[in-house]
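Please look at the sequence and the structure below. The report that follows treats salt bridges, helix packing and a sheet in turn.

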Amino acid sequence: MRSRPHLLALATVALVVLASGAVAPTAATSSGPSDSNATLVAAYPNPVADGDAGEFVVVRFPTATNTTGWTLTDGTSAVELPNRTLSGTVAVTSTPNATAARTDHPVVALDGSLGLANGGERLRLRAGNRTVGSARYRDAPEAELRRFEAGAWRPLGATDRDPVRTSGGEATAFVLPDAPNLTVETLRTADERLLLGGYTLTSRRVTEALVAAHDRGVTVRVLLDGSPVGGMTDRQARQLDRLTEAGVEVRVFAGPYVRYAHHHPKYAVVDDRALVLTENFKPAGTGGMSSRGWGVVLEDAGAADALAALHETDRTARAATPWRTYREGRSFEPAEPALGDYPTRHPPERVSVASTTVLVAPDNAADGVVERFEAAEDRILVQQVSIDSRDNRLLRAALRAADRGVEVRILLSSGWYAEEDNAALSAWLNRRADAEGWDLEARVDEPSGYRKLHSKGVVIDDAALVGSLNWGPTPQTENREVVVALESEEAADYYASVFESDWAETTSRSVPTALVSLAAVAVAVAALVARRIEFGGRDGVVGWQP
């Protein structure tokens, strides 16, 4: 421990250094070239515009600051800030008219031409001869904002929403294909507002419910993805044409200013109720003709308002393109109809919900799921289409729970597009569980009562998570997704009963032998090549690290 005289001496030196301006901080104190306080927050170097019109740098002034004599420089040229007092967070730019359409911050015009290189810059904010703040970026993607404090690029306009926790209420828990009419029946009850946020919409019944609501005077708005995997189908184009012709507002995310890889949620706001699903608005999904999915209708005005606010934020984004504009000159993909017919083995159930938390990706959903896994005490039941890798963040959180003694069950899809990878992952998880002594088991499903598993549901103790979040890196960090976390023993037990039924239909540790053999050979060959025949346990079972 240092003595008091030494500490006093160090403090004195520090004060002298700070007073002299020898340290180059991002902020100092108040107003004027010799006494300054500002931080470089973000830069937008690569607009999709002729001459890069609309470039800007975001600067935060925590206190009122006179910027007379201030400059922003990249080391080779400098532009002057205005001779005025600035406060709060502002966007400084040489093209204020173009910038105003790209930011919600107050726009401040610079004296001179601000030219931000797409390949990268080191920016310095200077008060007179003193550097107040500095920041650097490299390789600017089109239409993305560099957030210096986060050290990350984000699409322009991407949100940073917090989870919304509500007071709960009554709800109807249901699964598909067992309740093929519940979605459309819920939509048909709208009196004031009907806001639909989805990935795709090909259901004629859903379309007619939206048109009928519009004809009754209900405010109806639809927001969808403009580039679904495999392309937009001609069936969807016909439904959206029908909606638009009826006067319903339809927008799709498309163009250079798209701020998410995909708009992938499945929800609707129906007056003061919220409908949240794992399935798309199509016959194979909400129509009950193919997929196992989970859904819930929440009689919860707080949840409905949270989703309505999200819908408004997204539909007013620059990339939310009116359907008529989007479809000009486009052709669409042929669609194969879903024709399945399945019995109701699990009827909907009324449940009480103590509270609901509305989570959205990429803002907070993955963090919210991990947080709940970290707090799990008894059980985690996961029903997912697939899990992209052993290092998946959500999977690792589930494994940490298993390591604490939590019962973990993971049921994955046997769909042709996922079966081989799911089989290999399930085999690895089961070997891992055996080696570590965990109460964990993974299976690839054998559909009974549905054609394919498409749900993205989780039961954690006495809570259930229902929504669109697939377990891959893009859904967690690049997609718009919606998940509701229901604090409800009744809801958790309802979905758990469906899970257990689906689980029971699947042979214990069901993994196709041929697929496992092929996967094992591939893993072994890759390991031998990469490690030059350095053996270290059975498929890496020894020495698990959380």
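## D439 and R409

D439 is partly exposed, with a relative accessible area of 38%, whereas R409 counts as buried at 15%. Here buried means under 20% relative accessible area, exposed means over 50%, and partly exposed lies in between (1.4 Å probe, protein chains only). D439 and R409 form a salt bridge in which the closest N and O atoms are 2.8 Å apart. A salt bridge is a side-chain nitrogen of Lys or Arg within 4 Å of a carboxyl oxygen of Asp or Glu.

The two residues are 30 residues apart and link distant parts of the chain: D439 is in the loop between helix 10 (419-436) and strand 24, and R409 is in strand 23. Helices (H or I, at least four residues) and strands (E, at least two) are DSSP runs, numbered from the N terminus.

## Basis of the model

The model is predicted: local features need pLDDT of at least 70, side-chain atom pairs count only at pLDDT 80 or more, and totals for chains, interfaces and linings use all residues. Residues are numbered from 1 along each chain as its sequence is written, and side-chain values use heavy atoms, with hydrogens and water left out.

## Other salt bridges

Side chains of opposite charge can pair when their charged atoms come close. In the whole structure, a search finds 23 salt bridges. One of them joins the side chains of D241 and R327 (2.9 Å, N to O). D241 belongs to helix 5 (residues 234-245) and R327 to helix 7 (residues 323-327), 86 residues apart, and the pair links distant parts of the chain. R327 is partly exposed, with a relative accessible area of 26%.

A network of salt bridges links R221, E249, R251, E312 and R315.

## Helix 8 and helix 9

Two packed helices are described by the angle between their axes and the distance between the axes. Helix 8 (residues 365-375) and helix 9 (residues 393-403) pack at about 10°, with their axes 9 Å apart. Axes are lines fitted to C-alpha atoms, for helices over the stretch in contact, and angles run from 0 to 180 degrees between N-to-C directions. Helix 8 contributes A366, D367, V369, V370, F373 and E374 to the contact, and helix 9 contributes R393, L394, A397, A398, R400 and A401. Contact means heavy atoms within 4.5 Å.

E374 also meets R404 in a salt bridge between side chains (3.7 Å, N to O). R404 lies in the loop between helix 9 and strand 23 (407-412), 30 residues from E374 in helix 8. R404 is partly exposed at 41% relative accessible area, and E374 is partly exposed at 37%.

In what order do the six strands of the open sheet lie? The order is 6-5-2-1-9-10, and the pairing is mixed. Two strands pair if DSSP finds at least two bridges between them. Strand 6 (107-109) and strand 10 (152-155) stand at the edges with a single partner strand each, so one side of each has no neighbour in the sheet. On average, neighbouring strands are turned by 35° against each other, direction ignored.

Strand 9 (residues 144-147) and strand 10 run antiparallel and are joined by four bridges. L145 stands opposite R154 in strand 10.
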